[in-house]
Amino acid sequence: VNTYSCRAFEPPDDAKEQNKAESKNSKQVSSSSMRPIHKSSIPFTVCGMTANEHARFVAVYGQQECHVFVYDARGQSTQRISLELSLEALQAQSKSKKTLNILKADWLPNAQCRLAISTNRFVRIYDL
């Protein structure tokens with residue numbers, strides 16, 4: 001099993017003051033001035049991730065799995081939801097030889113916790 005790390009970053013306090021002064025002149029932020037505020041191991045190869053603009057949810061997906069992280073106001077992960085997609089079971093039941101994979105995950109607009117998972121054969125919407 002491969003393990004991948006997903007990190008959220010926040011600049012150190014002294015860099016925040018410097019960034020405020022520089023933000024009027026420039027929008028560039030150096031990754032060396034940022035520190036991780038959250039790390040999490042992901043038990044699959046990450047194909048993509050998407051953040052919900054209405055809530056503190058981040059969906060991280062691979063070819064056949066999707067995990068949703070819930071964050072508090074400080075950026076700390078408070079919950080991890082592993083969506084039970086059953087893609088391998090659906091593939092086994094299917095007569096098609098084509099592998100069933102996740103293509104993309106998207107949060108529905110104007111919906112706080114509805115996530116659409118698009119595969120190469122169907123789309124499912126989950127209400128978290």
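Q64, E65, C66, H67, S82, L83, E84, L85, S86, L87, E88 and A89 line the largest pocket. The model is a predicted one. This pocket has a volume of about 160 Å³. Its lining divides into 5 nonpolar, 4 polar and 3 charged residues. Three elements, β5 (66-71), β6 (77-83) and α2 (87-93), each supply at least two of the lining residues. The largest share, 3 residues, comes from α2.

**The strand β5**

C66, V68 and V70 point one way from the strand. H67, F69 and Y71 point the other way. In a regular strand, side chains alternate between the two faces of the sheet.

The table sets out both pairings.

| Pair | Direction | Bridges | Residues between the strands | Facing residues |
|---|---|---|---|---|
| β4 and β5 | antiparallel | 5 | 4 | V60 opposite H67 |
| β5 and β6 | antiparallel | 6 | 5 | Y71 opposite S77 |

Both pairs are hairpins. In the hairpin of β5 and β6, G75 takes a positive phi near 90°.

**The nonpolar cores**

In soluble globular proteins, nonpolar side chains tend to be buried together. Here the largest nonpolar core has 17 residues. Those with the most contacts inside this core are C66, V68, L83, L85, I102, L115 and I117. β4 (57-61), β5, β7 (102-107) and β8 (114-119) each supply at least two of the core's residues.

**C66, at a crossing of themes**

Which residues does C66 touch, leaving out those up to four places away in sequence? The contacts are A59, V60, Y61, I81, S82, L83, L85, I102, L115 and I117. C66 is buried and points the same way from β5 as V68 and V70. C66 is one of the residues with the most contacts inside the largest core, and C66 also belongs to the lining of the largest pocket. L83 and L85 are likewise found in that lining, and both are named among the residues with the most contacts in the largest core.

Y71 gives a second example. This residue of β5 is buried and points the other way from C66.

How values were computed. Residues numbered from 1 in each chain as written. Predicted model: local features only at pLDDT ≥ 70, side-chain atom pairs only at ≥ 80, totals over all residues. Heavy atoms only, no water. 1 Å grid on protein atoms, 1.4 Å probe; cavity = no way out; pocket = protein on both sides within 12 Å on 5 of 7 lines; lining within 4 Å. Points joined across faces, edges and corners; volume = space filled by probe spheres on them. Helix = DSSP H or I, 4+ residues; strand = E, 2+ residues; numbered from the N terminus. Nonpolar A, V, L, I, M, F, W, Y, C, P; charged D, E, K, R; others polar. Core = buried A, V, L, I, M, F, W, Y, C linked by side-chain atoms within 4.5 Å. Buried < 20%, exposed > 50% of the residue type's maximum accessible area, 1.4 Å probe, protein only. Contact = heavy atoms within 4.5 Å. Pairing = 2+ DSSP bridges.
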